[in-house]
Amino acid sequence: MLANDLVAQVPDGNAANSKIKAIFLYNFTKYIEWPASYKQGEFVIGILGSSPLVTELEKMALKSKVGTQSFVIKKFKDVSDITSCHMLYISNSKTGSMEAAINKLKKTSTLVISECGGCAKKGSAINFVSVDNKQRFELNKTNAGKFGLQVSSNLATLAIMVD
Amino acid sequence: MLLGFFVQGYAQQPKITEAYTFLQKNDLDNAVKAIETATSSPETANEPKAWYYKGFIYKEVYKRKESTIDDSPARQKSLDALSKCISFDPKNQFAEESRKVVKYLSSTFKNDGAKALNNRVYDKSIKNYENYLQTLKLFNPNYTDTSAIFFIGYAAYETKDYNKALVNLKKAMELNYNDPHLYYILSRVYLDKKENDNAIKVLELGQKKYPNDKDILTAEVIYYKETGKIDELEAKLKKSIALEPKNTELQMMLALVYEKKMEAAKDNTKKGEFQTKATDTYHKVLGINPNHLQANYNLAILYYNEAVTKIQQSDFETDILVLSNLQDECILIFKKSLPFMEKAYSLDPKNKNTLTGLSGIYFSLNDEEKSNKYKAELDALNLK
């Protein structure tokens, strides 16, 4: 058959979804205020558990900065591996470790981001959800405040508020 | 029996008469013995009739006992004897009748050649067609059969004996063999030999001779596809489609040409133009055959890819409001893709590409449950 070799390649839908999340994460750096001590050195994003988001964040780290701060992406297998970071993204597979992670990060200014139903009410400041096929995020300003983070009202208008 | 006419006038030659008598009684073994004696006897060894009878008797042996045997010895003995008869017979007493038997035997080679070709036993086919052409010369030195020459060329192409293929196909062309396949096969030989210029020259010759022939156009389409001459391919496809508007394979090829042009286009306006052309062409295919698996699949992928590309090409610094609009736009495109991929799935539920596509589209629509369902089906297939 003439057209037998015309099978088109399937694009990577995972990468597209991760790209959207990465863009969100970049935007969070604009709409959330970290304490002055966090505005120097590298801007560290930690990922707890495996996630396709890592690849997109690594691409972002090559191209973008937060002011003068370069991005550094750190991968943590377990809570015990977590070190100081500006953002901690808790992958879906590590939702069960969220409470322990938050406890470990007490007294730091870390934006805790999750991706599970109800997590914004269980400690994370930002929680990714899907609404009508669209990626959106829940915002818990109180949880952000517990880590010394100030959230812009502009971000609040775009979020699904849970507190 | 025809042979009787000749025997009556030469009854004084006992062994020949004996051979004839045995033949009439269907005693082929004794007929062979008698005629072998006659043709080796000094008295009759130079008699054309002895050789004619030998040829006739061995032809009967071939017909009755060896017609299914490759390289039948009786057929060859018959031909050798008849050949001698023709060369010994200046008065043309037996030569004419000998030629008739030769003609019959040559046709058996031709039939064997055709049968072997149909069964794709190409070496055997070549051998039989060559024997056929050789025996034809015995029948009439000035006559040849161009179809046999073409078939030898074709079979040689199949065995990758490109030199033999070229010699015979070119000869068939010189002798005006009237079949567009000749041009198609000859172009394939040149393509295999990486002589692309010769390949297209032959196809152009073929197209001049057969301007509306679908096979020649198809061959040109394949040529341009394999050599990556995308503009020429597009032109040929349009011409072919004008001749065969319902040919979905040609339409599929044209859609792919537009996709290739879309990928190569440097600005988004051009990309958009080719995408629209590709989309329209796939829709045409589905208008002809809504159950065309590949058209459904490719159209779904085209939309899916459009949305994914829009997302992937966005800057990481894209403002969150712009991102929201982008998501809305892409959701609509993903949803356009979905019914075509679902149709492809309904047509072939075990197709891994389709399952990958469905899982990916639902994932992009943030419908994890459905995405996982199709991923599980794909994983199950991969385990088999």
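Student: In which helix does Lys21(A) lie?
Tutor: This is a predicted model, where local features need pLDDT of at least 70, side-chain atom pairs count only at pLDDT 80 or more, and totals for chains, interfaces and linings use all residues. Side-chain values use heavy atoms without hydrogens and water, residues are numbered from 1 along each chain as its sequence is written, and chains are lettered from A and ligands numbered from 1 in the order in which they are written. Helices are DSSP runs of H or I with at least four residues, strands are runs of E with at least two, and both are numbered from the N terminus. Lys21(A) belongs to chain A, in helix α1.

Student: Is Lys21(A) buried or exposed?
Tutor: Buried means under 20% relative accessible area, exposed over 50%, and partly exposed in between, with a 1.4 Å probe and protein chains only. Lys21(A) has a relative accessible area of 14%, so Lys21(A) is buried.

Student: Which residues is Lys21(A) in contact with, leaving aside neighbours within four places in sequence?
Tutor: Contact means heavy atoms within 4.5 Å. With those neighbours set aside, the contacts of Lys21(A) are Leu53(A), Tyr89(A), Glu115(A), Phe128(A) and Gln135(A).

Student: What volume does the largest pocket have?
Tutor: On a 1 Å grid over the protein atoms alone, a pocket is an open set of points with protein on both sides within 12 Å along at least five of seven lines; in a cavity, a 1.4 Å probe fits but cannot get out; lining residues have an atom within 4 Å of a point. Points are joined across faces, edges and corners, and a volume is the space filled by probe spheres set on them. For the largest pocket this gives about 820 Å³.

Student: Which residues are closest to the centre of the largest pocket?
Tutor: The lining holds 34 residues. Elements giving two or more of them are α1 (13-31) and β7 (126-131) in chain A, plus α18 (352-364) and α19 (368-383) in chain B. Closest to the centre are Asn17(A), Lys21(A), Glu115(A), Phe363(B) and Glu368(B).

Student: How many residues in the lining of the largest pocket are charged?
Tutor: Asp, Glu, Lys and Arg count as charged; Ala, Val, Leu, Ile, Met, Phe, Trp, Tyr, Cys and Pro as nonpolar; the others, Gly among them, as polar. The lining has 11 nonpolar and 18 polar residues, and the charged ones number 5.

Student: Which element gives the largest share of the lining of the second largest pocket?
Tutor: The second largest pocket has a volume of about 580 Å³. Its lining takes two or more residues from each of α14 (248-264), α15 (268-288) and α16 (293-312) of chain B. The largest share is 6 residues, from α16(B).

Student: Which element gives the most to the lining of the largest cavity?
Tutor: The count is 1 cavity of 30 Å³ or more, and the largest holds about 50 Å³. Its lining has 5 nonpolar residues, 5 polar and no charged. With 4 residues, the most comes from α17(B).

Student: What radius of gyration does chain B have?
Tutor: The radius is taken over C-alpha atoms, and the globule rule is 2.2 Å times the number of residues to the power 0.38. A compact globule of 384 residues would come near 21 Å, but chain B has 34 Å.
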